[in-house]
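Dear colleague,

Please find below the structure I promised to pass on, together with its sequence. My notes on what was found follow after it.

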Amino acid sequence: MTVGDLLNMPGWQVMVVEEHEDRYVIHARPVSCDPVCPQCGSSAAAKHGKDHQCLRDLTCHAKHVFIEFSRQRFRCLICKKTWFEPLSGVDERRFATLRLVRYIQQQSLTRTFAAIALECGLDEKSIRNLFHDYVEELERSVQIATPVIMGMDELHLLGQMRGVITDVQGRSFVEVLPDRKKQTIVRYLAALPNKEQVQVCVIDMWRPYLDAIQETLPHVTVVIDKFHVIKKLNEIVEMVRKDIRSSLSERQVRQLMHDRFLLLKRPRDLSERDRLVLEGWLGTFPRLKAAYSLKEEFYEIYDAPAEEEAFDRFFAWEDRVMASCVYDAYLDFLLTIEHWGDQIFAYFRHRYTGGFVEAANGIGRVIDRQGRGYSFDVLRARLLYGQRMRQRKERTRKRAVPDDLRAPISVDEHLPDVVLSTLTSPLQSSWEHAQNTTSSG
Ligand SMILES: [Zn+2]
């Protein structure tokens, strides 16, 4: 084939390109410059033999690429030191071009090591090593700022619940902790730089989070994430639905199973057909209707313009619960509100939600699935830095889109479709709808 500048690498000159079925071998030579001794700086040097060397480069036309060349060795006439001529664009320790190393490192944050190894023709261990070096570099160079509005949530990784610290406004991960025990959170918060700048902390109803914040950041207002409150309501409706199942025929059970998402959706999101189906169910089962209506009415509390109005709406709602036929099903929820009331109603003074972690959970799940055989540290780095990469890519792609129209989190094209479905589950979309209608910032 004709050569051209297939290499496109300054400091190199291509001589011959051999094309094989699975690879290109590019015979090239480094563009030479006058030798200077690296030890004494003298330019009095003599040639001192050559070495045949080979580098790996990025794949080209889906073939692996090798660069073969003869490398000149020199010997200093003054101090006798010997050295090889310098190479540009090359990671000498790894016998690879710098651009290949960078490509692998960036890919390693979002793809499996096995897939990259296959693509680049290296073994998995090399990919893993490159990944670890990259993470070390990122830990040193990337400053993750202490958020003003901090989120605390959980993520299920490698069979365990992990504490997740987020930047609610920046919609990004700040830290992924090995667990969510109080002492782990306390240790993390105590060591946090500029912790006085944290103003609000949005958490789920996990007691150790509250205790740890009150102990280490007493100036911070704690807000319970609205999504977690609504989730509990959906669980109540689901519980009542399951209760009803026992009184149904097999065919009806299948149908109700099929229609269960209608109960989670907001009425305005239902199609005409869905609405009729739902009305059918609610008309047949008064307990289901009561549970469903109370859930929907609770949204109106969150729609209140101010805290006082929210309280009024809540107490009226509580009275309706007491008088309803599903009082028993709502009992735990009422106790939860009693227990967490201060933090739940703090929402009306600080309208923030941690909703983005729910979406990020989809990505977490994929990372978890891909992560069999990976350590917690690998998954943590992927969540912390992989998401940043995705967001950066997304930002360049979607610069023209106003911030509030942007998806809560960008979905990398490497993530399989399952993520898309977890990101847009009915629960999620009903939540997003709720978020859109009650401002959250
Ligand atoms: Zn010298």
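This is a predicted model: local features need pLDDT of at least 70, side-chain atom pairs count only at pLDDT 80 or more; totals for chains, interfaces and linings use all residues.

S32 belongs to the loop that links β2 (23–30) and β3 (45–60). Although 53 residues separate S32 from E85 in sequence, their C-alpha atoms are 7.8 Å apart in space.

**The five-stranded sheet**

I next looked at an open sheet of 5 strands, arranged in the order β10-β9-β8-β11-β12 with mixed pairing. Its edges are formed by β10 (172–176) and β12 (221–224); each has a single partner strand, so one side of each is left without a neighbour in the sheet. From one strand to the next, the twist averages 30°.

Within this sheet, strand β8 (residues 149–157) is mostly covered, with 8 of its 9 residues buried. β8 is paired on two sides of the strand order, as follows.

- With strand β9 (residues 160–167), β8 runs antiparallel and is joined by 8 bridges. L157 stands opposite Q160 of β9. The hairpin of β8 and β9 has 2 residues between the strands, and there L158 adopts a positive phi near 50°.
- With strand β11 (residues 200–203), β8 runs parallel and is joined by 4 bridges. Here M150 stands opposite C201 of β11.

β11 in turn pairs with β12 in the parallel sense, over 4 bridges. C201 takes part here as well, with V222 of β12 as its bridge partner. Helix α5 (residues 207–216) lies across β8, β11 and β12, and runs at about 165° to β11.

**A pair of helices**

How do helix α6 and helix α10 cross, and at what angle? The axes of α6 (residues 226–245) and α10 (residues 286–302) come within 9 Å and cross at roughly 170°. An angle over 145 degrees counts as roughly antiparallel, and α6 is therefore roughly antiparallel to α10.

On the α6 side, the contact is made by K226, L233, N234, I236, V237, V240, R241 and I244. On the α10 side, R287, L288, A291, Y292, K295, F298 and Y302 contribute. By type, the residues of this contact divide into 10 nonpolar, 1 polar and 4 charged.

With kind regards

Key: Residues are numbered from 1 along each chain as its sequence is written. Axes are lines fitted to C-alpha atoms, for helices over the stretch in contact, and angles run from 0 to 180 degrees between N-to-C directions. Angles under 35 degrees count as roughly parallel, over 145 as roughly antiparallel, 65 to 115 as roughly perpendicular and the rest as oblique. Two residues are in contact if their C-beta atoms, placed from the backbone, lie within 7 Å. Ala, Val, Leu, Ile, Met, Phe, Trp, Tyr, Cys and Pro count as nonpolar, Asp, Glu, Lys and Arg as charged, and the others, Gly among them, as polar. A residue is buried if 20 or more other C-beta atoms lie within 10 Å of its own, exposed if 12 or fewer, and partly exposed in between; C-beta atoms are placed from the backbone. Two strands pair if DSSP finds at least two bridges between them.
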